[in-house]
Amino acid sequence: MQILGFLTQAGAVALLSMFVGVIPLGFAVAYAIRPSEHRLALMRPLSLATIFAALTGLVAGLANVLRSVAVHDIPLFSRRSALGMSGTLVPMFVGFGCLTIAWLCVAAGLWRHP
């Protein structure tokens with residue numbers, strides 16, 4: 001499935017959890033450009049918010065898949081349920097990917113900081 005196809009089919013919780021992952025990335029880029037203690041102090045709570053948002057997106061997606069499996073009488077270990085469960089991992093991938101890049105930017109800012 002292409003990423004644009006997933007975004008059109010993603011629910012509000014998945015989209016919100018992926019959006020939250022972009023926020024610390026923006027602060028980290030700002031810190032890498034112009035390091036300050038204030039921006040660095042914001043990275044910890046923003047990172048925690050991203051982790052919790054990614055977990056929320058995962059759990060909400062799994063709940064939707066399991067509900068669909070039960071309502072439509074689909075075997076749990078079938079291709080359709082595997083496809084649905086793989087889609088629930090996308091918010092985790094986006095969130096942790098953004099955090100990885102964000103903390104690399106923070107590391108670059110710390111390296112530049114006098």
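## Terms and basis of the model

A residue is called buried when its relative accessible area is under 20%, exposed when this area is over 50%, and partly exposed in between, with a 1.4 Å probe and protein chains only. By this definition Q9, with a relative accessible area of 60%, is exposed because its value is over 50%.

The structure is a predicted model, in which local features need pLDDT of at least 70 and side-chain atom pairs count only at pLDDT 80 or more, while totals for chains, interfaces and linings use all residues. Residues are numbered from 1 along each chain as its sequence is written, and side-chain values use heavy atoms, with hydrogens and water left out.

## Overall architecture

The chain contains five helices and zero strands. Helices (H or I, at least four residues) and strands (E, at least two) are DSSP runs, numbered from the N terminus. Read from the N terminus on, the order of elements is α-α-α-α-α.

Along the principal axes, the C-alpha atoms fill a box of roughly 60 × 25 × 20 Å. The radius of gyration of the chain is 17 Å, whereas a compact globule of 114 residues would have a value near 13 Å. This radius is taken over C-alpha atoms, and the globule rule is 2.2 Å times the number of residues to the power 0.38.

## Surface and contacts in total

Of the 114 residues, 32% count as buried. The accessible surface of the chain is about 7500 Å², and carbon and sulfur atoms account for 73% of it. Accessible areas come from the Shrake-Rupley method with a 1.4 Å probe; for residues, only the protein chains shown count as cover.

A contact means heavy atoms within 4.5 Å. Among contacts between residues at least 6 apart in sequence, 70% join residues at least 24 apart.

In soluble globular proteins, nonpolar side chains tend to be buried together. In this chain, the largest nonpolar core has nine residues: L25, A28, Y31, A32, M43, C98, A102, C105 and V106. The elements that give two or more residues to this core are α2 and α5 (90-112). A nonpolar core is a set of buried Ala, Val, Leu, Ile, Met, Phe, Trp, Tyr and Cys residues joined through side-chain atoms within 4.5 Å.

Residues up to four places away in sequence aside, A28 touches M43, A102, C105 and V106. The C-alpha atoms of A28 and G109 are 8.3 Å apart in space, although these residues are 81 apart in sequence. A102, in helix α5, also counts as buried at 0% relative accessibility. With residues up to four places away in sequence not counted, A102 touches P24, L25, A28 and M43. C98 is in contact with G21, V22 and L25, leaving aside its neighbours within four places in sequence.

S17 is found in helix α2 and is buried, with a relative accessible area of 4%. Residues up to four places away in sequence not counted, S17 touches A53, A54, G57 and P91. F96 lies in helix α5 and is partly exposed, at a relative accessible area of 35%. F96 and L46 are 50 residues apart along the chain, and their C-alpha atoms are separated by 12 Å.

## A nonpolar surface patch

L16, F19, I23 and F27 form a nonpolar patch on the surface, with about 370 Å² of accessible area together. Patches are made of residues with over 30% relative accessible area and no salt bridge; like charges are joined within 9 Å, and nonpolar side chains (Val, Leu, Ile, Met, Phe, Trp, Tyr) within 5 Å. A salt bridge is a side-chain nitrogen of Lys or Arg within 4 Å of a carboxyl oxygen of Asp or Glu.

Most residues other than glycine have a negative phi. D73, however, has a positive phi near 55°. D73 is placed in the loop between α3 (37-71) and α4 (79-88) and counts as exposed at 70% relative accessibility.

Q9 lies in helix α1 (residues 3-9). The C-alpha atoms of Q9 and H113 are separated by 43 Å, and these residues are 104 apart along the chain.
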